[in-house]
Amino acid sequence: MKVKSASVSHNALVTTLGEMLWIDSMRTQASLYPEIKLSIYEARNGVPKQIEDIEKMITEEFDIIIVSPLSPEQIAPSINKAYNKGIPVVLIDRKVNSEKFTAYVGADNLEVGKNAGNHIAANNNEPVNVIEVRGGDNSTPVLERSQGFHQVVDQMLNIKVLASIKASDEGFPEKYFVSLLDSLGSAPIDYVYAFSDDMAFEAWEIARNKGLEHQIKFIGVDGLNYEQGGINLVRNGILDASILYPTGGAEAIELALQILKGEKVPKVNILETTVIDFRNAEIMKNQFDRINDQQTDLENQITAIKFQEERYYSQNNLLKVTMALLAIILSLAIYSIYSIFAIRNKNRQLLLTNDKITVQRNQIEKIAKEVKVINEAKINFFTGLSHEFKTPITLILSSIESMSDFAKEKGSKMQNEVELIYNNSNRLLRLINQLLDFRKIEDRKFNLKASKTNLFGFSKIIFKDFEREAKKRNIDFKLISNNESLEVFMDRNLMDKVYFNLLSNAFKFTPDNGKVEIHIEDDESRNIVNIRFKDSGIGIPQNEMDGVFQAFFKGSNNRKNSSGIGLHLSKEFVEMHKGTIQVKSVHGTEFIVTLYKGQAHFDETEIITEQDLVDTNIIDFTSEHLVDDNYLIQAPDKDKEKYSVLIIEDNRDLSLFLKNKLQLEYEIHLSDGTDAIERALETIPDIILCDINLPEKDGFKICEILKKVYEPRTFLQ
């Protein structure tokens, strides 16, 4: 059986990469079936050439024709002719003005246009002006994308299409678009909807040259995953959105096989499309990267199989020749002995080949295990990070609700609720910033901006952010310097992140009544300054010290939720300053940041004269009554008989907040998870409210143990 494809068109106004992708996917899919012989004819935007190719396939009586029609009217007669002669015809990507075809596979271009229109409508309540940039031909994708778009926007009173321009044979209509921008005057352009990501990017470049790139939002079509593809343009903020347009090459081959096997297939096979914007661009990129990796692996495996087949046939033919020679010279003993040695030598070669294949297989298994470990680390990272988000968001929402419902009763204590919102909002912001910083570090997109800074004054600002936490937990928190007037050149924003990461770790792993210190040591003899962050926490096992600064690292003795990227980012930021960071762990943990004094170690482009200050706009929560955690506790009614509740939660603010909300109606007992079993057996509560992620035992394990001991009325996790 031979299966051949009709000529494949390339739209001159759109990059050929999208069409090359579905051509490649056809080749890859066809290579999985040895019985298929696939031939591809490229018309290169020439309708007469495409008609000639189809006529040739009809004459040579191909088993099936797969065609992407350049013109729905001009190509239709040739499609009808092939169909009438009994040759199945599969249309891909584009349609014809005829019903004489076997099957169609491709995206719904009407839906593509509607998605673009709905995206604009959903994100704008105010009047907006739109320019439509169409493709240069009259193929069905161009017509339907415009039709679907107008079906949406023409019904919207607040959306006005100022112009619909058409690309030419030379490509994007730059001169016309420039004149259009200049002629509109006071009518601002809010959106440009282009029928491909390439045209949308060209429109953006023109707008950028005129200083309008931030005033206009650009929407493209294709959503391809390459350097200048739609996904990366959305991720980089160049495009506001890109409409995914799937290739359909592999699906066309599968349909062709089903048709040739006599199976019944749907006449219209629509591929799903979707809107790619800032919400899902990163996810789409990761998915496409994984698919591309799998595709590459598949192609490599197919190549290896073909190579092995060729080698097998070659060796088989060689063996046949050897056997023929043995039959001819069987009577000659000397030659027979020679032949025996030759065969043994071939066997040794085969054994060596087999050993090589075994080694390669073991290497593949090793790589697969490493990939599995990496994937598990990433999953654990996002799981831990999600749990980090959950508690602050709960506190913020509950505090806002409390502020709204009980403002009159709370009086001055309302400031405490504001503090909860402020602190946890900052915590969320820093977590999100760490994600962004991690991505920038991976892409090497950070630009150092060092300015002269009083190191003690800079440290004092950050020191004050942690003072209240230290007072709450009775932690001895000190800032010590042997030269308070010392000035160094550093990027304050980046060094601010280093300080907060190291201090946050110190407070997280230091128990109540512990000690945290910052020592600034001016070493004049070596022209350096050492900044030491010491704590009396749980420390780090010696055998794990080498992995502390790796991304997603989590110590074996760490029972707390952690993203695992803070120390990795800190090391990167310090090294950008040409400095070093070291870690020691004996009684607690000590991180030592070493920076050079002066500015000789920086490039001229890394030095700024203007002050690039970190955010020092800090709300002052130093009122005396705020230092005590009891501000959360309301006076319970002692005369009222109440049910008892045991709250097992390791977040101190959340546990006190829940106690405040519940103790008017219930008798409340608290546990941070370390003594959960003992507290439950001691108080025998009516209800246990238990967090899942806890320092020592998770919520499921605690409930399992307690259920074996006694049956409380309710367990809530």
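Biologist: Where is Ile 684 placed?
Modeller: Ile 684 sits in the loop between α18 (676-683) and β22 (687-690). Helices (H or I, at least four residues) and strands (E, at least two) are DSSP runs, numbered from the N terminus. This is a predicted model: local features need pLDDT of at least 70, side-chain atom pairs count only at pLDDT 80 or more, and totals for chains, interfaces and linings use all residues. Residues are numbered from 1 along each chain as its sequence is written, and side-chain values use heavy atoms, with hydrogens and water left out.

Biologist: What phi does Ile 684 have?
Modeller: A positive one, about 45 degrees, although Ile 684 is not a glycine. Most residues other than glycine have a negative phi.

Biologist: And how exposed is Ile 684?
Modeller: Ile 684 counts as partly exposed, because its relative accessibility is 48%. The cut-offs: buried means under 20% relative accessible area, exposed over 50%, partly exposed in between (1.4 Å probe, protein chains only).

Biologist: What about the phi of Asn 474?
Modeller: Asn 474 has a positive phi too, of about 55 degrees, and is not a glycine. Asn 474 lies in the loop between α14 (455-472) and β14 (476-481). With a relative accessible area of 51%, Asn 474 is exposed.

Biologist: Zoom out. How many helices and strands are there?
Modeller: The protein has 19 helices and 23 strands. Of its 717 residues, 46% count as buried.

Biologist: How much of the contact set joins residues at least 24 apart?
Modeller: Among contacts between residues at least 6 apart in sequence, 72% join residues at least 24 apart. Contact means heavy atoms within 4.5 Å.

Biologist: What pLDDT does the protein average?
Modeller: The average is 79, and 78% of the residues score at least 70. pLDDT is the predictor's confidence in each residue, from 0 to 100.

Biologist: Which elements have the lowest and highest mean pLDDT?
Modeller: Strand β1 (residues 7-8) has the lowest, at 40, and strand β17 (residues 528-535) has the highest, at 94. Over residues 1-18 the pLDDT is below 50, yet this stretch has 85 contacts in the model beyond near neighbours in sequence. Residues 612-628 are also below 50, with 33 such contacts. Where pLDDT is low, the predicted coordinates should not be read in detail.

Biologist: Switching to charges. How many salt bridges does the count come to?
Modeller: The count comes to 19. A salt bridge is a side-chain nitrogen of Lys or Arg within 4 Å of a carboxyl oxygen of Asp or Glu.

Biologist: Which residue does Lys 49 meet in a salt bridge?
Modeller: Asp 53, at 3.0 Å, N to O. The two are 4 residues apart in helix α2 (residues 47-59), so about one helical turn separates Lys 49 and Asp 53. Lys 49 is partly exposed, with a relative accessible area of 33%. Asp 53 is buried, at 4%.

Biologist: Which distant parts of the chain do Lys 597 and Asp 522 link?
Modeller: The side chains of Lys 597 and Asp 522 form a salt bridge at 2.6 Å, N to O. Lys 597 is in the loop between β19 (589-596) and β20 (643-648), and Asp 522 is in strand β16 (residues 515-523), 75 residues apart. Both Lys 597 and Asp 522 are buried.

Biologist: Which residues are linked in a network of salt bridges?
Modeller: Glu 469, Lys 472, Arg 473, Asp 512 and Arg 652.

Biologist: Now the surface. Which residues make the nonpolar patch?
Modeller: Val 321, Leu 325, Ile 328, Leu 332, Tyr 335 and Tyr 338 make a patch of about 600 Å². The elements giving two or more residues to the patch are α10 (281-328) and α11 (333-405). Helix α10 gives the most, with 3 residues. Patches are made of residues with over 30% relative accessible area and no salt bridge: like charges are joined within 9 Å, nonpolar side chains (Val, Leu, Ile, Met, Phe, Trp, Tyr) within 5 Å. Accessible areas come from the Shrake-Rupley method with a 1.4 Å probe; for residues, only the protein chains shown count as cover.

Biologist: Is Ile 328 buried or exposed?
Modeller: Ile 328 is exposed, with a relative accessible area of 64%.
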